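Please look over the notes below with the model open.

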Amino acid sequence: MSPTLAVTELRTGSLEADLLVVGPSLGTAVTPLWSACAAALPGDVRVIGWDLPGHGRSPAADEPLSVAGLAQSVLAATESERIAAKGRVWYAGVSLGGTVGLQLAVDHPAGFDGVAVLCSGAKIGEAGAWHERAELVRRAGTPVMIEGSARRWFAPGFLERNPRLGTSLLNSLQDTDKESYARCCEALADFDLRTRLGEAAVPVLALAGAADPVAPAASAEEIADGTGGRAVVVDHASHLAPAEQPVTVAAILADFFRIEVSDATA
């Protein structure tokens, strides 16, 4: 199905600016996840982000979800912004948002000039584990995921160095609608693009956090090998690299998307 998604402007740009659409990870709101990285991008680029159903500002899901359906929803939610953009249009997504990016690259390449897939994979985890998590959250709510997510999301030392941002991200998990979270888990259980990576028709960047236990460097390499793209590993980052290492990730994205500082002088 294709749910309704809320879109938030994270960074303004000129009338001639490139447009970067960013997507979130399961359990996170897009604003705390991406704001610091958006601010660190060089040049003239406007950044908008979308929230998963029942996360952040998006309404809760009332029907089953699929990654393909989420990709269609991202296209619909950003259509007016993409049409109005006079510069290039890019996409970058984290984890579940990254799987959406792969789906866009394969099924809707005309929508974007390039796709960055962060802390994600052509398949993430095993279907049985995702169904078990969905049932757990339906019974106990999203707060039951906080302790485990804190271990998976952040590289060692991040929460001590950035307690405010870490708390904001974990609060977004606690505030997520439990049924929507469960439906997102079920979408990931069904997701597997490993045999279709060669169909990607736009440039693809795959970025992994060096400490990520969910989508390790091998997942990024698989995406790069299958799409003919690039794989990059970010040190001192786990599963939420744009929040953990915003300046480093911004520089990598700017290089991939060819965002130049001189563009800001237009």
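The points that follow concern a predicted model.

1. Basis. Local features need pLDDT of at least 70 and side-chain atom pairs count only at pLDDT 80 or more, while totals for chains, interfaces and linings use all residues. Numbering starts from 1 along each chain as its sequence is written, and side-chain values use heavy atoms, with hydrogens and water left out.

2. Positive phi. Most residues other than glycine have a negative phi. Serine 95 has phi near 55 degrees and sits in the loop between strand E4 (89-94) and helix H3 (96-107); helices (H or I, at least four residues) and strands (E, at least two) are DSSP runs, numbered from the N terminus. Histidine 236 has phi near 60 degrees, in the loop between strand E7 (230-234) and helix H10 (241-244).

3. Serine 95, at 5% relative accessibility, counts as buried, whereas histidine 236 is exposed at 61%. Buried means under 20% relative accessible area, exposed over 50%, partly exposed in between (1.4 Å probe, protein chains only).

4. Helix pair. Ile146, Ser149, Ala150 and Trp153 in H5 are in contact (heavy atoms within 4.5 Å) with Leu169, Leu170, Leu173 and Gln174 in H7.
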